[in-house]
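Subject: Structure for your review

Dear colleague,

Please find below the structure that I promised to hand over.

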Amino acid sequence: MRISRLRLMLGVSVACAAVALLPAMGGAAPATRAFADGAATPGLAAARYGHPAGTAEAAVLADSNLSGAVVTGSAFNSVTSTWTEPSVPCGSGGTIGIWVGLDGYGSSTVEQTGVSVDCSYGYPVYQAWYEMYPYPPVYYSNPISAGDHLIATVSHSGSTYTLKMSDTAKGWTKTTTKSMSASNASAEVLLEGQPGAYPNFGTVYFTNSEINGSLLANWNPTLGDASYNGIQETRTSPVSGGSFSITWLHA
């Protein structure tokens with residue numbers, strides 16, 4: 001997963017990360033994992049992901065700004081999901097992004113598209129974008145508002161990638177075609193926030209989430225919750241078919 005798009009925008013340092021198991025309650029198997037970040041140079045792609053932390057204690061202490069679902073393997077051709085854009089209060093600052101993508105989990109490229117909500121001005125600024133890392137993100141000028149129904153899709157045929165964002169409430173669709181040599185080794189549906197400053201976005205409900213045309217649940221995805229200084233900031237629900245949710249817990 002490429003997470004540095006928001007971090008570059010916010011000036012937050014990024015990089016080396018591990019996928020760490022959260023401790024189970026009552027001895028049950030953990031339902032989610034923490035996507036944990038360390039410190040390194042902004043702009044590094046997510047070759048940083050993929051090795052698990054050794055202990056549950058390490059997972060509790062590890063910080064992450066990611067929530068959502070990740071599937072790893074090979075030969076991923078497409079990923080798509082739909083959601084209703086949340087209303088984000090910006091009194092305390094903070095920024096979130098919601099996106100789908102291929103690669104980034106143990107690979108050096110990322111192909112992704114989504115929507116960011118920038119609270120750095122004291123009010124929410126909604127903006128759609130795509131990114132083909134290592135190239136910088138490109139922002140669309142099309143209008144987006146809280147409550148809009150959004151559809152994001154990334155697909156490829158050979159080295160040709162198609163990144164598509166639609167806002168059915170506003171009636172627009174942006175389709176971008178780019179070429180890149182990539183491994184297509186992971187697929188993601190994620191919500192990303194500013195560590196320690198997650199604005200209260202309430203709950204985001206994802207539906208029609210598919211990978212290679214098959215419902216997300218069929219892939220047994222790894223699920224992640226955001227945390228900061230050992231405090232869980234979000235909660236990702238189990239996946240049912242192509243649906244799941246992410247709920248804000250703590251800033």
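The notes below go from the whole chain to individual residues and pairs.

Please bear in mind throughout that this is a predicted model.

**The chain as a whole**

The protein contains two helices and 19 strands. It has 251 residues, of which 51% count as buried. Its accessible surface amounts to about 9,900 Å², and carbon and sulfur atoms account for 54% of that area. Contacts across the sequence deserve a word as well: among those between residues at least 6 apart in sequence, 69% join residues at least 24 apart.

**The disulfide**

The structure has one disulfide. Cys90 and Cys119 form this bond, and their sulfur atoms lie 1.9 Å apart. The two cysteines come from distant parts of the chain, 29 residues apart: Cys90 is in the loop between β4 and β5 (95–103), while Cys119 is in the loop between β6 (110–118) and β7 (125–133). Because the torsion about the S-S bond of Cys90 and Cys119 is about -50°, the disulfide is left-handed. Is Cys90 buried or exposed? With a relative accessible area of 7%, Cys90 is buried, because buried means under 20%. Cys119, at 2%, is buried too.

**The salt bridge**

Side chains of opposite charge can pair when their charged atoms come close. One salt bridge is found in this structure. Its partners are Lys170 and Asp148, with 2.8 Å from N to O. This pair also links distant parts of the chain, 22 residues apart: Lys170 is in the loop between β10 (160–167) and β11 (172–179), and Asp148 is in the loop between β8 (138–139) and β9 (149–157).

**Aromatic pairs**

How many aromatic pairs does a search of the whole structure find? The search finds six. One of them joins Phe76 and Trp219 in a tilted arrangement, with 5.5 Å from centre to centre and 55° between the planes. These two residues are 143 residues apart, in distant parts of the chain: Phe76 is in the loop between β3 (66–72) and β4 (78–84), and Trp219 is in the loop between β14 (214–215) and β15 (222–224). Phe76 is buried at 1% relative accessibility, whereas Trp219 is partly exposed at 29%.

Phe206 and Phe244 make a stacked pair, with centres 4.7 Å apart and 10° between the planes. Phe206 belongs to strand β13 (residues 203–211) and Phe244 to strand β19, so their pairing ties together parts that are 38 residues apart in sequence. Both of these phenylalanines are buried. Ring pairs also bring in Trp83, which forms a cluster with Phe206 and Phe244.

**Backbone details**

- Tyr133 and Pro134 are joined by a cis peptide bond, with omega about 20°. Pro134 is in the loop between β7 and β8.
- Asn208 is not a glycine, yet it has a positive phi of about 55°. Asn208 lies in strand β13 and is partly exposed, with a relative accessible area of 47%.
- Asn229, also a residue other than glycine, has a positive phi near 55°. Asn229 is in the loop between β16 (227–228) and β17 (231–232). Asn229 counts as exposed because its relative accessibility is 57%, and exposed means over 50%.

**The segment after β19**

Finally, please look at His250, in the segment after β19 (244–248). Which residues is His250 in contact with, leaving aside its neighbours within four places in sequence? They are Tyr198, Ile231, Gln232 and Glu233. For Glu233, which is 17 residues away from His250 along the chain, the C-alpha atoms of the two residues are separated by 4.4 Å. His250 itself is partly exposed, at a relative accessible area of 36%.

With kind regards

How values were computed: Residues numbered from 1 in each chain as written. Predicted model: local features only at pLDDT ≥ 70, side-chain atom pairs only at ≥ 80, totals over all residues. Heavy atoms only, no water. Salt bridge = Lys/Arg side-chain N within 4 Å of Asp/Glu carboxyl O. Helix = DSSP H or I, 4+ residues; strand = E, 2+ residues; numbered from the N terminus. Buried < 20%, exposed > 50% of the residue type's maximum accessible area, 1.4 Å probe, protein only. Contact = heavy atoms within 4.5 Å. Phe/Tyr/Trp six-rings, centres within 6.5 Å; stacked < 30°, edge-to-face > 60°. Disulfide = S-S within 2.5 Å. Areas by Shrake-Rupley, 256 points an atom, 1.4 Å probe, with all protein chains shown as cover.
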